[in-house]
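Welcome! Please take a look at the sequence and the 3D view below, and then read on for a short tour.

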Amino acid sequence: MVSSEGLTILKIGGSVITDKKADHGVVKINEIQRIAKEIVGFDGKLIIVHGAGSFGHPQAKRYALNEEFNVIGSVITHLSVKELCNIVVNVLNENGMCALGVHPMCCMLADNGRIKTMFLDQINCMLERGIVPVLHGDVVMDISVGTSVISGDQIVPYLAKHMKTNLLGIGSATEGVLDDKNSTIPVITSKNFDFVKKHIGGSENTDVTGGMLGKVKEMLDLSHNTSITSLIFDAGKPGNIERFLKGERIGTAIMHEQENCRF
Ligand SMILES: Nc1ncnc2c1ncn2[C@@H]1O[C@H](COP(=O)(O)OP(=O)(O)OP(=O)(O)O)[C@@H](O)[C@H]1O
Ligand SMILES: [Mg+2]
């Protein structure tokens, strides 16, 4: 366990910072600017993980990276998400933060599509020195299948499990996890998951890592293994990231069934 007392992990969905309908990388620079302004006042240890959006999903789909090893496709997809990461990092720094990109391809190894190992010591050193590490969904080397697409939704719980995490938020493009009437489901635990999962699907856009259902399953597994609660909320709504960072309960909480909600 790496010691990072009071760590906050925030995922910013690719559906918020890119145009996910596009078949190539299209950035929503105004959204990244707005988000940077909401984060800059945060005083504490923070890791940001951003999604790949149109900088990763269409490329991974085009080269069928989930089906077979493709070296050219892996390189193209990795370089594309790295480009998005550089944009995010530059905007954060222009807004007064001290952020550095940490590309999973360079510090992670997968086995059959799941994270096997990840070097976390440099991330901890950054946190100790007031630097915000910015990770992202990426293509990484995989000991079984060559390369695999590792979603930000898988990276977030991995980090939360291996570092002492206080607050965990997944910012996406809907108010939370929605039911059949488009109302936000306030809490998901393993008790009501079987009932609510019929309302949860993939993504309306190209998403090679399972969309909303993939996200909920990852967070539910985390809550089961660690009792860590996560919030899925709308990061596209101005003010929400700031509210989350202040510890406000917004969106859908994914939690262990025996955990008392601390919000
Ligand atoms: N029950 C549901 N509630 C909310 N969203 C849902 C639900 N079922 C399916 N979705 C879809 O899931 C999408 C969110 O998942 P998606 O993976 O596209 O976003 P993201 O994680 O922000 O993007 P990225 O993977 O690029 O980071 C929503 O925009 C919606 O289309
Ligand atoms: Mg996704």
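## Before we start

Helices (H or I, at least four residues) and strands (E, at least two) are DSSP runs, numbered from the N terminus. This is a predicted model, where local features need pLDDT of at least 70, side-chain atom pairs count only at pLDDT 80 or more, and totals for chains, interfaces and linings use all residues. Residues are numbered from 1 along each chain as its sequence is written, chains are lettered from A and ligands numbered from 1 in the order in which they are written, and side-chain values use heavy atoms, leaving out hydrogens and water.

## Around ligand 1

Have a look at the shell of 24 residues around ligand 1, where a residue counts if one of its heavy atoms lies within 4 Å. Those that come nearest are G14, S15, S203, D207 and K215. Helix 8 (211-226) and helix 1 (14-17) each supply at least two shell residues, and helix 8 gives the largest share, with three.

Polar contacts are pairs of N or O atoms within 3.5 Å. In one of them, a polar side-chain atom of S15 is 2.5 Å from an oxygen atom of ligand 1. A side-chain N or O atom of H57 lies 3.1 Å from an oxygen atom of the ligand, while a backbone N or O atom of G201 is 2.9 Å from a nitrogen atom of ligand 1.

## An aromatic pair

Which rings make up the one aromatic pair found in the whole structure? They belong to F233 and F244, and the pair is stacked because the centres are 5.3 Å apart and the planes are at 25° (rings of Phe, Tyr and Trp, its six-membered ring, pair if their centres lie within 6.5 Å; planes under 30 degrees apart count as stacked, over 60 as edge-to-face and the rest as tilted). F233 lies in strand 11 (residues 230-234) and F244 in helix 9 (residues 240-245), so the pair ties together parts that are eleven residues apart in sequence.

How values were computed:
A polar contact is a pair of N or O atoms within 3.5 Å; within protein, one must be able to donate a hydrogen and the other to accept it, and residues adjacent in sequence count only if both atoms are side-chain atoms.
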